[in-house]
Amino acid sequence: MKRIIIDQEKCDGCKNCTVACMQAHRATPGTVYDLDLLDPKNEARHTIVANGKGGYFPIFCRHCSVPDCVGACMSGALCKDPVSGHVQYDESRCGTCFMCVMSCPYGNVKPDKVTHKRILKCDFCKDDTEGPNCVRVCPKKAIHVEEVSA
Amino acid sequence: MNESCYGCSTCASADKPLEGFIAKLPMETSHHRVESQETKCGFGLQGVCCRLCANGPCRITPESPRGICGATADVMVTRNLLRAVAAGSGCYIHVVENTALNLKNTALEKGKLKGLGALERLCKTFGVSGKDDHEKALNVANAVLEDLYKPEYVKMDLVEKMAYPPRFKVWKELGILPGGAKSEVFKGVVKCSTNLNSDPVNMLIDCLRLGISTGIYGLTLTNLLNDVLLGEPEIRMAPVGLRVIDPDYINIMITGHQHTMFVHLQERLIAPDVVAKAKAVGAKGFKLVGCTCVGQDLQLRGAHYTEIFNGHAGNNYTSEAILATGAIDAVLSEFNCTLPGIETVCDTLSIKQICIDDVAKKANAELKQFVFAERGKHSEEIIDAIIASYKERRPKVKLNLLPEHGYENNLTGVSEVSLKKFLGGNWKPLVDLIVSGDIKGVAGVVGCSSLVAGGHDVLTVALVKELIARDIIVLTAGCSSGGIENCGLMVPEAAELAGPKLKAVCKKLGIPPVLNFGPCLAIGRLEIVATELAETIGIDIPQLPLVLSAAQWLEEQALADGCFGLALGLPLHLGLPPFITGSKVATQVLTEDMKSLTGGQVIINADAKESADLLEKIIQEKRRALKI
Ligand code: SF4
Ligand code: SF4
Ligand code: SF4
Ligand code: SF4
Ligand code: SF4
C-alpha cells in the first residue's frame, strides 16, 4: 500500500499542505483564490504542530497496518480498504460516538465542528487520480508517498 | 543554435518566436524560473498572511480566524492592499516629481521645449501664463510641484482643473479628493502600519484617494509635462521586436519610466564628436534600443528621435532576451521595470550597467545619479564608459540575433491629441461609429506583462484577440503594448483578425484594430480620451461603453492605476486577483459595492474568452442604457 512518509526535519510550517487539503475537500469547486479559509467545513485532514524548538511536526494519517481508529469504531463506519489499504470513512454508518477521535494515537481524526455529527479524516485523496494533494504542493519535500507493505 | 541550452522548461509566451529563442538560451532568465516557483502559498495568494509585527506571520484558517492581535482576514487584506497602493502611488509620484523638476530646470536654463502646443493646453487648463514660453513652462512645472508638496490636509489645486466636472462632484461627495500627493502616500503607509487602522472600508476609501492623485499627477500630468519637454506624439509607422537591434552600432538598452533624464545624453549621442568616438572603435554610431515603458515612450515620440532611437524591442519580460542577443553594450536604467534578473545576464555577456536614479540601483550597476546641473559631465562619463564596454566586449561575445523577430510596420504615436487630429480634429467620427455599432465599444488593455495567467502576455494577447473579434476596438498602454505589438496586432493587416464591422472601419482608415498609446503612464492619455468622449456625448464616464483590463497586472503601480480606473467609474478586469480574495469585505466592495460608489467595479477572470464575454456584456448593457 501507499503511505505518506514524513521527514519532519524538512518541514518549515508553511501549511501549503493544509491549504491543498482544504482545497481538495471543499464542497463547491473553485480556485485556491476563492477557497473560504474561514469556513470550518473546509478544515484540513492533517495538522502541522510547532515542536517548540523552531521546527514542526507534520501530522498525517498513517493509514496504520492495525488501525486503532478502525478497532474502536463499533458501527463499521471506519474500514481499512482491502485493495488500497487506506482507512476510509463511511459517513452514513457513523454513530457519532467519537471513539475514533479518542483512540487514534496521533490525533488524526477530528470531529467536524460544523455538524458535530461526523468526523474528518484523511482519505488519501482517493478521488484524485494524482494522489495526495498535500504531498504535491509541499515545497520542502517534507512529505512524500512511498509503497510500503500493508 | 545554442549547443548548451540552460534548460528548456521555460514558461509559455504569446510571442512564440520569443518563447523558442528563450528556451534555447544558454543562460537562465525569468522565463526559466517560473517552474521552480510554481508552488504558491495559498495564504499569500488570498492576502491573509500578515507579518506586520513580531508576532507574525499570522495566517487565517478555520482553526485560526484571527491574527494574534485580533486582526481579521478583512483587516489583513485591506492593510496589505493599501500598503501596495501607497507604494505604487509613491512610484508614480516620484516620476512626476522628477519630470516636473526637469521641466522647471530646463525652463530656468532657457533650454529647448519641443511641445509648445502641449504647453499652451496646460497653461489654459491650469489658468497660468507667462511672458514667454520658458516662463510659462516654469509656472506650469511649479504649479505641479506645489501641489505634490502640499500637506495631506490641504487639497491639491489642479485636481478640479484636470478632472471632468461630473467626476469631481462625485469625488467631492465621497470625500476622496486628495491632499498633497506625497503626503497621501505618507498617510497611506502610516494607516496600514501595525495596530493602527482596522476598518477595512476606511482603508479601501484611501485606496481610491491615492488612485486619484496617482492618476491625475503620476499618469496624466507626467505625459503632458513630457510632451512639453520631449515633443508630442505623432502618428507614424515603426518597427518592433528584436529586429530593431542593429549590431553595427553601439547599442544602449534603456529601462525605466523617466524619459526626461535622457534628454541631454540622447542629444550628445548623435553629436558629430561623439559619433566620431564611436567610429574610432569600429561602430557606426550609437543607438538606443527601447525596452519597458521608457522604450514605449520613445517609440510614441519617435518622430522626434528618428536618428538615435532604433525602435522598441520588447517589454519588461523581454529584457533578458534582448540582452541575450549579445548586441547590447550597456543598460541605462532609471526606474522599474529593471528586473534584478538582468544582472546575471549582463555579467555573462559583459554588458555595462549604469543607473541614473538610485531608486532603481542594480547591484552590478555603476550609479551616476542624475543631477540636472551636472548632466553635461555625466553624459560624457557615461558615453566613455559605454565605449569602453563596447571595445572590451564585442571581440569576445558571440552574437545571437533574431533579426526576423517582431514586425516592421506598427502604428505608433497615438495620443489623445494625435488621434483626435487623425479623426479630423474632433471625436465625432469615433462617437458616430460607436453609436452606429460599427465599433461596439472601447477596451483599454493596459498595464504590465507578467509570467503568470498563462505565461508571458498569454492572457493579454488572447483577450485582445477575443475583444477585436467582437468589434470592440482596443487601446493599449504599458508593457502589455510591447507584448501585443510583438505578436503582430498593431500592424494594419491585423484588421483581418477583427470582427466584420471593426475590420471594415480599420481597412477604411488604414489602421490596426489595436491602437498603442505607449507607456503605462499613457493610461492617463486613455483616460483623457474617455473624458473627452463622455464630454462629446454629454454623459459621465461610467456611462460610456468603455472597459479597462489590466489582464496581466504585475506590480504595485498597476494597483494604484487600477484605483484611478475605479475612481473614474470604469469596469476594471484583472486576470488574477490582487491578493484580496481572503477578505469577504474587500471582495464585496471592489467587485460589487463600488458600482454604487463611483460606478466602477473589479472583474476577476483568468480565461480570455470568459473575460471577453463579461466585458462585452458590460459594454452591451451600457449601450442599452444609452439607447444605442
Ligand atoms: S486515523 Fe490514526 S489510527 Fe486511524 S489509520 Fe490514521 S493514524 Fe492510524
Ligand atoms: S465517530 Fe463515527 S467513525 Fe468514529 S468511531 Fe464513532 S462511529 Fe466510528
Ligand atoms: S492525502 Fe489528501 S486527505 Fe490526506 S492529508 Fe493529504 S491532502 Fe488531506
Ligand atoms: S507543505 Fe510541507 S513544509 Fe509546508 S507545512 Fe506541509 S509538510 Fe511542512
Ligand atoms: S499585526 Fe496582528 S496579524 Fe499581523 S503579524 Fe502581528 S499579530 Fe499577527
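## Helix 20 of chain B

All eight of the eight residues of helix 20 (residues 479-486) of chain B are buried, so the rest of the structure largely encloses this helix. Buried here means under 20% relative accessible area, while exposed means over 50% and partly exposed covers what lies in between (1.4 Å probe, protein chains only). The buried residues of helix 20 of chain B include B:Cys479, B:Ser480, B:Gly482 and B:Glu485. Just after helix 20 of chain B, B:Gly488 has a positive phi of about 85 degrees.

A word on the model itself: it is predicted, so local features need pLDDT of at least 70 and side-chain atom pairs count only at pLDDT 80 or more, whereas totals for chains, interfaces and linings use all residues. Residues are numbered from 1 along each chain as its sequence is written, chains are lettered from A and ligands numbered from 1 in the order in which they are written, and side-chain values use heavy atoms, with hydrogens and water left out. Helices (H or I, at least four residues) and strands (E, at least two) are DSSP runs, numbered from the N terminus.

## Helix 10 of chain B

Now to helix 10 (residues 200-230) of chain B. With 31 residues at 1.5 Å a residue, helix 10 should span 45 Å, and its end C-alpha atoms are 42 Å apart, which agrees; the expected span is 1.5 Å times one less than the number of residues. Helix 10 of chain B bends by about 40 degrees at B:Leu221, the bend being the angle between axes fitted to the seven residues ending there and the seven starting there.

Of the 31 residues of helix 10 of chain B, 28 are buried, so the rest of the structure largely encloses it. At the start of this helix, a side-chain oxygen of B:Asp199 comes within 3.1 Å of the backbone nitrogen of B:Val201. Just after helix 10 of chain B, B:Gly231 takes a positive phi of about 100 degrees.

## Two ligand shells

Which residues come nearest to ligand 1? Of the 14 residues around it, they are A:Cys61, A:Arg62, A:Cys64, A:Cys69 and A:Cys104. A residue counts as near when one of its heavy atoms lies within 4 Å. The shell around ligand 1 has nine nonpolar, two polar and three charged residues. Ala, Val, Leu, Ile, Met, Phe, Trp, Tyr, Cys and Pro count as nonpolar, Asp, Glu, Lys and Arg as charged, and the others, Gly among them, as polar.

Around ligand 5 there are 13 residues, of which B:Cys50, B:Cys53, B:Gly56, B:Cys58 and B:Cys69 come nearest. By class, this shell has eight nonpolar, three polar and two charged residues.

## Salt bridges

Side chains of opposite charge can pair when their charged atoms come close. B:Lys284 is partly exposed at 45% relative accessibility, and B:Asp248 is partly exposed at 36%.

B:Lys368 forms a salt bridge with B:Glu381, with the closest N and O atoms 2.7 Å apart. B:Lys368 lies in the loop between strand 9 (366-367) and helix 16 (375-393) of chain B and B:Glu381 in helix 16, so the pair ties together parts 13 residues apart in sequence. B:Lys368 is buried at 14%, while B:Glu381 is partly exposed at 28%.

Note on methods:
A polar contact is a pair of N or O atoms within 3.5 Å; within protein, one must be able to donate a hydrogen and the other to accept it, and residues adjacent in sequence count only if both atoms are side-chain atoms. A salt bridge is a side-chain nitrogen of Lys or Arg within 4 Å of a carboxyl oxygen of Asp or Glu.
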